Structures are given as C-alpha cells and as structure tokens.
Amino acid sequence: MNTGLKITAFAAALAATFGTAYGVGKGVDPVVGGEQTAAHDEHGEARTSETGEGGGHGGHQTAPAGGLQVSEGGYTLALETSRITAGNGTKLRFSVQDENGRKITAFEREHGKELHFIVASRDLTAYRHLHPTRAADGTWSTSADLPTAGAYRAFADFKPAAKDAEGVTLGADLAVSGTYAPAKMPAPAGTAKVDGYEVTLNGGLRPGKSGELSLEVAKNGKPVTNLQPYLGAYGHLVALRSGDLAYLHVHPNGEPGDGSTKPGPQISFTATAPSSGSYRLFLDFQHEGKVRTAAFTVEAGKATVSAEPSPDKDPEESPSHKH
C-alpha cells in the first residue's frame, strides 16, 4: 500500500491495538501520536490448532509468545514516555512495576544485562535494540531515535530477582508522530546485506516445534571467523510475529569460551514458532568493535526463509541498529 493519511489520536490507538495498516485517500500526511494500548489475546499467549494454524475452537496451546500483554505474572510495563517525534532522539523512560504499583529495582542479569529493551515498528521495517540504564528508584531511561512515524511496540525482556521467578516479556504501544507512509514487510530473499557484510540464513521456523536456525556471516565474500561476543554470545536474535508482534525467545546454541562454540562464521539458534505465519528475525552481531543488524523474513511452516533490507535504508542495507 502506497498511500498515507492523517490519523487522529483515537484512530492511531485503535489501529495499533489490532495491528492493522493505515491507508485511505491520497498523498502523505502527518501522523499524530495515539494513546498507549495493550495488544493480546484472551490469555496473553499464542494458540494454535491441530494443524498449526492460529486460534479457533478445539485448538491447543503450543509455544507461548511474549510481549502480547502490558501486564503478566504480577508485573506491568509502565511507559512514562508513550509518544515521541520521529527522528528526534527523544529520551524514553519506563519502569517495571509489581502488582502494588511499586517499581522493581532487583533483576537477574541475563546475557550481560538486567533488562533487554526492544522497540519495533508494527510494520516491522524499523527496529532498535536499546540499552537503558536504571536509576536507584527503578526508573529506566534510554535515548531512542526512531526513523519513521507510526505505531511501534516496546518490549521489556527481564527476569525479576525473586525466588522462583521466571523470565517475563512485557509489551506496550508507543506512538511516533511525523509524516507517515505505510510500508510493506520485505519480500523473500536468500541473504541480508548490512554495512559491507552478507548474512545467510539456513533453516526455518516450525509451528509448535523447535528447530535450528543457522546464520553465516561473511565480509567482502570471505567468511568472518573472528566475531566478538555480544550480550554473552556471538549473536543475539529477536523474532517478532507479523500482525500482533508476538515476541519469541530465541536461544543461542553455545557461548564464547565453552570450548566448542567458534567465533563464526556460523551462529546457531534454537527457536519455536507459536503459530504459522510471517515473522521477522533481527540478528545482532559484533565485529571489529561495532554491532550490526541483519533482518530476515520467515514463513513459519515453510522450509524457505527470506531476507531483504528495510525500505527506509539503502537498498543494499538492512535496518539500522543504534546502541
């Protein structure tokens, strides 16, 4: 869809809630930030039928997805900043609160961080893996320079430092004001190119079943064999489902220094898709002191995977990644 429109605050929130694309009329008009909403199903988890299709009566629950709820397990993601302006480098502030509204200050470190904070546009063409800092009172803050206007989803991935606590991923809507032009999710391709690197993805996602994803990194046609650790691994992978932006936990296979995991060119992960459908994979890898992001489109249940650069970047580049 190549058209845009002027969205009111109410319409922006409504569209964000149902994960729809905007677009009627002609031209490209300004977008006005909408109210924060939470997108989730009845139980806050993805459900699949016997054939792997999502929803429906008689279905059974497979791999639960995170990020569909703003509150879960007695914890709530509270965005103090729920709307910003595109390309403005705004400071985002938020907290994780308990069931009594108190800000959480104790977290277990996972992959080198107390909390991982992801922001992605609902059309999955813009992505940021940010590294916020926590104040003593439990308020987190980070600078966010989001490139385009529209509806975004913010994810907080963390594990509270409480007895028997499990990992939690919460999600909240973020409105970005500015000139908005709807974008179509990138089409299939075999590799992703970013900053002179070429990343090839092998494997696929299977609904309700775990599978291996292997990504191979090359530069100037030569395999990269000296990747540097990033967040406790040689690569960090985030998977988001198109439509509702369900957040999948993707686990790296092996870690630096374990005696068997090599620093490239292959990076291996294990993932389970909660349902069939389209997903975007965002691989962060570090080489020569800089983190880069390669983005892929995957159809769960199909052997073929795809990779294509984001439309808001150079045709040969994947979505930018700021740290």
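Trainee: Which residue is the bridge partner of Thr76 in S5?
Mentor: Gln97 is the partner of Thr76 there. This is a predicted model, by the way.

Trainee: How do strand S3 and strand S5 pair, and over how many bridges?
Mentor: They pair in the antiparallel sense, over four bridges. S3 covers residues 75-79 and S5 covers residues 90-97.

Trainee: What is the order of the open sheet of five strands?
Mentor: The order is S2-S3-S5-S9-S8, and the pairing is antiparallel. Strand S2 (71-72) and strand S8 (133-134) are the edge strands, each pairing on one side only.

Trainee: Let's talk confidence. What is the mean pLDDT of the chain?
Mentor: The mean is 79, and 73% of the residues reach 70 or more. Over residues 1-63 the pLDDT is below 50, though that stretch has 138 contacts beyond near neighbours in sequence. Residues 304-318 are also below 50, with 58 such contacts in the model.

Trainee: New topic. Which way do the side chains point along strand S13?
Mentor: They alternate along residues 197-202. Tyr197, Val199 and Leu201 point to one face and are buried.

Trainee: How many bridges join S12 to S13?
Mentor: Four, and the two strands run antiparallel. Ala192 stands opposite Val199 in S13. S12 and S13 form a hairpin with two residues between them. In the turn, Asp195 has a positive phi of about 55°.

Trainee: And how many bridges join S13 to S14?
Mentor: Six, again with the strands running antiparallel. There, Glu198 stands opposite Ala218 in S14.

Trainee: Where does Asn220 lie, and what is its phi?
Mentor: Asn220 lies in the loop between strand S14 (210-219) and strand S15 (222-223). Its phi is positive, about 55°, although Asn220 is not a glycine.

Trainee: Is Asn220 buried or exposed?
Mentor: Exposed, with a relative accessible area of 68%.

Trainee: What about Glu288: where does it lie?
Mentor: In the loop between strand S20 (277-287) and strand S21 (290-300). Phi of Glu288 is positive too, near 55°. Glu288 counts as exposed, at 54% relative accessibility.

Trainee: Rings next. How many aromatic pairs does the structure hold?
Mentor: Eight. Phe155 and Tyr247 form a tilted pair, 5.3 Å centre to centre with 40° between the planes. Phe155 is in strand S10 (residues 150-158) and Tyr247 is in strand S17 (residues 247-248), so the pair ties together parts that are 92 residues apart in sequence.

Trainee: What about Tyr197 and Phe285?
Mentor: Their pair is edge-to-face, 5.6 Å centre to centre with 70° between the planes. Tyr197 in strand S13 and Phe285 in strand S20 are 88 residues apart, so here the chain's distant parts are linked. Both Tyr197 and Phe285 are buried.

Trainee: Which residues do ring pairs link into a cluster?
Mentor: Tyr75, Phe94, Phe107, Phe117, Trp140 and Phe158.

Trainee: Which residues does Thr169 touch?
Mentor: Among them are Phe155, Asp157 and Tyr247, leaving out residues up to four places away in sequence. Thr169 is in strand S11. A polar contact of 3.4 Å joins the side chains of Thr169 and Asp157. Thr169 counts as buried, at 3% relative accessibility.

Trainee: Last one. Where is Pro186?
Mentor: In the loop between strand S11 (168-179) and strand S12 (191-194). Pro186 counts as buried because its relative accessibility is 5%, and the cut-off is under 20%. Pro186 and Thr297 are 111 residues apart in sequence but 6.9 Å apart in space, C-alpha to C-alpha.

Definitions and conventions: Residues are numbered from 1 along each chain as its sequence is written. This is a predicted model: local features need pLDDT of at least 70, side-chain atom pairs count only at pLDDT 80 or more; totals for chains, interfaces and linings use all residues. Side-chain values use heavy atoms; hydrogens and water are left out. Buried means under 20% relative accessible area, exposed over 50%, partly exposed in between (1.4 Å probe, protein chains only). pLDDT is the predictor's confidence in each residue, from 0 to 100. Contact means heavy atoms within 4.5 Å. A polar contact is a pair of N or O atoms within 3.5 Å; within protein, one must be able to donate a hydrogen and the other to accept it, and residues adjacent in sequence count only if both atoms are side-chain atoms. Two strands pair if DSSP finds at least two bridges between them. Rings of Phe, Tyr and Trp (its six-membered ring) pair if their centres lie within 6.5 Å; planes under 30 degrees apart count as stacked, over 60 as edge-to-face and the rest as tilted.
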